[in-house]
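Student: Could we go through this model together, asking what stands behind each label?
Tutor: Gladly, let's look at it first.

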Amino acid sequence: MNKKLLNAFLILTSLLGYLEWGGGNNMFLFQAEQEIFSKLFQDPLSVAHPFTLLPLFGQLVLLFTLFQRSPGKVLTLIGLGCLSFLLLFMFLIGLISFNYKILFSTVPFLVVAILTIMELRRK
């Protein structure tokens, strides 16, 4: 499969992650990123957390690889690793708490991540 296509799917499926927390609060990751970008320039310290900055950095790295002629293996793995930090944690939370919305929202990303790793190992 095309590496650029896999990297684009990694970005897209990472945005589908679903979060729930106390008080009936919930949001998809694309909504959370929208909020992060709006606060980034107003109050940067409010978004300075590893669970917000690392996945955002991973998406930016993967976005950069989409503009390369041939996406670099190292950059793809860095981006994948940064995104996996959050999405694997969300998968574990969904698994431990039996929250199937959270659990199944991370499965598309994990499938694409496994396909990407298999593709990178093949070459």
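Predicted model: local features only at pLDDT ≥ 70, side-chain atom pairs only at ≥ 80, totals over all residues.

Tutor: On a 1 Å grid over the protein atoms alone, a pocket is an open set of points with protein on both sides within 12 Å along at least five of seven lines, and lining residues have an atom within 4 Å of a point. Numbering starts from 1 along each chain, and side-chain values use heavy atoms, without hydrogens or water.

Student: Which residues lie nearest the centre of the largest pocket?
Tutor: Leu19, Leu29, Ala32, Ile36 and Thr52, out of 25 lining residues. Strand E1 (18-21) and helices H2 (29-40), H3 (50-65) and H4 (73-96) each supply at least two residues of that lining.

Student: Why does Ala48 count as partly exposed?
Tutor: Buried means under 20% relative accessible area, exposed over 50%, and partly exposed in between (1.4 Å probe, protein chains only). Ala48 has 46% relative accessibility, so it counts as partly exposed. Ala48 sits in the loop between H2 and H3, and its C-alpha atom is 9.6 Å from that of Ile36, 12 residues away along the chain.

Student: At what angle do the axes of H3 and H4 cross?
Tutor: At roughly 145°, coming within 8 Å; axes are lines fitted to C-alpha atoms over the stretch in contact, with angles from 0 to 180 degrees between N-to-C directions.

Notes:
1 Å grid on protein atoms, 1.4 Å probe; cavity = no way out; pocket = protein on both sides within 12 Å on 5 of 7 lines; lining within 4 Å. Helix = DSSP H or I, 4+ residues; strand = E, 2+ residues; numbered from the N terminus.
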